[in-house]
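Here is a short walk through one model, written for someone who likes to know the cut-offs behind each call. Have a look at the sequence and structure first, then read on.

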Amino acid sequence: MEKSMDISDDYIELKEQIKKKYERRYNNMYIKSPLNYTGGKYKLLPQIMSSFPSEGCNTFVDLFTGGLNVGVNVNAKTIYANDRISYL
């Protein structure tokens, strides 16, 4: 089953506040998803995020969402999260 979600502006603002707080503390640390998932991309985030434009984008589609580590860290107004695993 495919799922998608539209992230509100309030969520994006909260995410940015959290990122700023942790960047000050840990310098370039990423938000780790609470959804623990085998094959998660958290450890690969520095390489993955360097591929995206630093100014962000309007829409981001995470085709293999898993634990949502990439989706929660990407700078986008709208995020569509998709995964084949139904309980996610």
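## A charge over a ring

Which residue lies over the face of Y42? K32 does, at 5.2 Å from the ring centre. The test for a charge over a ring is NZ of Lys or CZ of Arg within 6 Å of the ring centre and within 35 degrees of the ring normal.

## Ground rules

This is a predicted model, so local features need pLDDT of at least 70 and side-chain atom pairs count only at pLDDT 80 or more, while totals for chains, interfaces and linings use all residues. Residues are numbered from 1 along each chain as its sequence is written, and side-chain values use heavy atoms, with hydrogens and water left out.

## The overall layout

The protein chain has three helices and two strands, and from the N terminus on they run α-α-β-α-β. Helices (H or I, at least four residues) and strands (E, at least two) are DSSP runs, numbered from the N terminus.

Of the 88 residues, 31% count as buried; buried means under 20% relative accessible area, exposed over 50%, and partly exposed in between (1.4 Å probe, protein chains only). The chain exposes about 6500 Å², with carbon and sulfur atoms supplying 53% of it. Accessible areas come from the Shrake-Rupley method with a 1.4 Å probe, and for residues only the protein chains shown count as cover. As for contacts (heavy atoms within 4.5 Å), take those with a separation of 6 or more: residues 24 or more positions apart account for 50% of them.

## The aromatic pair

A search of the whole structure finds one aromatic pair. The rings of F52 and F60 have centres 5.4 Å apart and planes at 75°, so this pair is edge-to-face. Rings of Phe, Tyr and Trp (its six-membered ring) pair if their centres lie within 6.5 Å; planes under 30 degrees apart count as stacked, over 60 as edge-to-face and the rest as tilted. F60 is buried, at 10% relative accessible area, whereas F52 is partly exposed at 28%.

## Strand 1 to helix 3

Two leucines are worth a look in the loop between strand 1 (57-62) and helix 3 (69-73). L63 lies in that loop and is partly exposed, with a relative accessible area of 49%. V61, L63, F64 and Y80 make a nonpolar surface patch of about 420 Å².

## Links across the sequence

N75 lies in the loop between helix 3 and strand 2 (76-81) and is partly exposed, at 31%. Beyond its neighbours within four places in sequence, N75 is in contact with K15, E16, S54, E55, G56 and C57.

E13, in helix 1 (residues 9-26), counts as partly exposed at 48% relative accessibility. E13 and K77 are 64 residues apart in sequence and 10.0 Å apart in space, C-alpha to C-alpha.

Terms used
Patches are made of residues with over 30% relative accessible area and no salt bridge: like charges are joined within 9 Å, nonpolar side chains (Val, Leu, Ile, Met, Phe, Trp, Tyr) within 5 Å. A salt bridge is a side-chain nitrogen of Lys or Arg within 4 Å of a carboxyl oxygen of Asp or Glu.
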